[in-house]
Amino acid sequence: MNGSFRQSMAWLHTWVGLLLGWLLVAIFITGTSAYFREEITLWMEPETHDSTLTPNTLDMAVAVLNDKASDARSWDISLPSARHTVAELRWQPLQQRQQQGGGRNRGESVSMDADSGQVVEPRDTAGGNFLYRFHYQLHGIPREVGRWVVCLATMFMLIAIISGVITHKKIFKDFFTFRPGKGQRSWLDAHNATAVLALPFHFMITYSGLLLFMTMLMPWGIDAAYPENRRDFFSEVFSRGGEEAQRPGNPAEMVDIKPLIAQTEAHFGKPVTRIGVTNPNRDNAVISLRVDRDPAITARQRGGDPVQVYNGVNGELQETLLPSEDPVSPSWRIYNVFTSLHMARFADPLTRWLFFLFGIAGSAMAITGMLLWANKRTQQLKRDQVPGSSLKLVNGLNMATISGLMIAIAAYFIGNRLLPVTLENRGDQEIQVFFLVWLAALIHALLRPNRSGWQEQVALGTVLWLAVPVINVLTTDSHLFTAVAWQHPALASVDLVCLAFAGAGGYTFWRLIRKPAPAKHAPRKKPAKRTAPSTTAPAGENS
Amino acid sequence: MTPLSITSRTLAAALGGYALSALCAMALAVILPMPRNEAVITGILVAFLLCACAAIWAFSVRSAWRAWGGIALVSLVFGALYLIGSPP
């Protein structure tokens, strides 16, 4: 190995970074969007927007369930929340009980408008879930393969983080150094700033990313300690509490649920969000009313909401279940903290925005790193020397993953509004729009891996992001100029973020077309170099 | 670094590193004096960090042989711990 330890770390950081950088940029950008995946899904289902919770919502939900599945094995009603406007009604039909072969039995479900009580059939779309799933298993390849590839990239990133920290002997000094308008140096400073600023976040997101897939990546410890049966480990750790379903009893009239809800809400001091009924309309009906637990990031991820269980016929309170107070062992605390931070399920809206910004910082770190690599080698070229094909390739792939992906995401949203609602396999077609546009951007980037290529892509991206809210005004009744959108801040924020991206794109474009300042050492102008000072511009452009 | 050295180190980092962390997860899962499920998760928490460290080790030492040697040595230690701790 040539040179010192630090030099070898710099070498490792550079090459590991280049190899997996493109994948990491895509994972970071789509993963950041996943913090708002429910908002995105909501935005992409405009049919559900005009729905607000009313005092009658529950009665109407029970009426719908009685109509569709009066003798189901169980009912489950989720009332609307800030991130979901319609009521979700699910039920398990009686008959399906026998065929409990392999997979989870999800039963059937409908969405109900919360103030009219009509069943809503939103357009077919994968919504925010597509971007969310892409960030951990990619698309179009077997799930397992995609997950392994993403986990490999994640491990590379963990290595890049550790070697990156080692590379910077003056990590804190570097952090406070920013030399804008100096080409290469500015990119390096921007890369350092975004990396160090959010270093705890980057470490958390990569390490927890591996932990979330620990059963796939590292089952050996589980097998070693549970040689009889791997499942014992899961039932010991992740059990959600047994729900022993009784056989359905004789038909009987059920008690009115409303007074029970008032009782439970008074008891917990919180609104009831989920209502479950086992054996509805039978003499052994059981009603369970659930409120959201107080978020705690060391707690287990699933289950454990406070519940009150009532007899479904006479309305007597049977039991009150609280989240278990069992002390959690230190290692599980670490696991819980890391994985809950990764998914931010505990987060209130403000915290969620903070995570979103950190995700953008992470994307910016990966992006500036990639641009830095290409920029450095461009500057090393001698005067009048033409960039070699490998440098062109890197430039093109940078462009395709950075501006190309942003163009494709905007196209995905636009496709959601413009594809006919009745189209067959509509959800898949939206995803096809995404990939076709991304492919076109890739081809364009490989053909024009230079400054004008960047200008064209950034310009197109800006126009498309601006077009999203505009097309929304033209095609729906819940755009920025209507009360419906503002009733649900989640909806308005999607449009606003699109506008913010358009703004960031416009700024980047302006930096790109401005004539480069006459640099003293006159380095060759190269793609996006002039955007250097605007750390926030490429950053803001990438969610 | 010669291409051969880079290839060898890469293999040491990937295969050796993974084997090392798998053995670490197995050893800690059976040898730590705590409830089984806690020992398992502790092993996994350590294993992932160790995997990254092994890769860094593989590229920081003077020769590819040394990279393999170090990883093999630590793997052997964990392997032995696993054999000691595993139920008969």
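Modeller: Two residues are in contact if their C-beta atoms, placed from the backbone, lie within 7 Å. This is a predicted model, so local features need pLDDT of at least 70 and side-chain atom pairs count only at pLDDT 80 or more, while totals for chains, interfaces and linings use all residues. Residues are numbered from 1 along each chain as its sequence is written, and chains are lettered from A, ligands numbered from 1, in the order in which they are written.

Colleague: What share of the contacts in chain A with a separation of 6 or more comes from residues 24 or more positions apart?

Modeller: Take the contacts in chain A with a separation of 6 or more. The share from residues 24 or more positions apart is 71%.

Colleague: How much of chain A is buried?

Modeller: A residue is buried if 20 or more other C-beta atoms lie within 10 Å of its own. Chain A has 543 residues. The buried share is 43%.

Colleague: How many helices and strands are there in chain A?

Modeller: Both are DSSP runs, numbered from the N terminus: helices are H or I of at least four residues, strands E of at least two. The count for chain A is 20 helices and 8 strands.

Colleague: Which helix gives the most to the side of chain B that touches chain A?

Modeller: The contact takes 29 residues from chain A and 30 from chain B. On chain B, H1 (3-31) and H2 (36-60) each supply at least two residues. The top contributor, with 18 residues, is H2(B).

Colleague: How are H1(A) and H14(A) oriented to each other?

Modeller: Axes are lines fitted to C-alpha atoms over the stretch in contact, with angles from 0 to 180 degrees between N-to-C directions. Those of H1 (residues 5-33) and H14 (residues 349-379) of chain A come within 9 Å and cross at roughly 150°. Angles over 145 degrees count as roughly antiparallel. The pair is therefore roughly antiparallel.

Colleague: What is the class make-up of the contact of H1(A) with H14(A)?

Modeller: Residues meeting here include A:Gly17 and A:Phe28 in H1(A), and A:Gly359 and A:Trp373 in H14(A). Ala, Val, Leu, Ile, Met, Phe, Trp, Tyr, Cys and Pro count as nonpolar, Asp, Glu, Lys and Arg as charged, and the others, Gly among them, as polar. The contact has 11 nonpolar, 9 polar and no charged residues.

Colleague: How do H2(A) and H19(A) lie to each other?

Modeller: The axes of H2 (residues 37-44) and H19 (residues 489-513) of chain A come within 9 Å and cross at roughly 90°. Angles of 65 to 115 degrees count as roughly perpendicular. H2(A) and H19(A) are therefore roughly perpendicular.

Definitions and conventions
A residue is buried if 20 or more other C-beta atoms lie within 10 Å of its own, exposed if 12 or fewer, and partly exposed in between; C-beta atoms are placed from the backbone. Angles under 35 degrees count as roughly parallel, over 145 as roughly antiparallel, 65 to 115 as roughly perpendicular and the rest as oblique.
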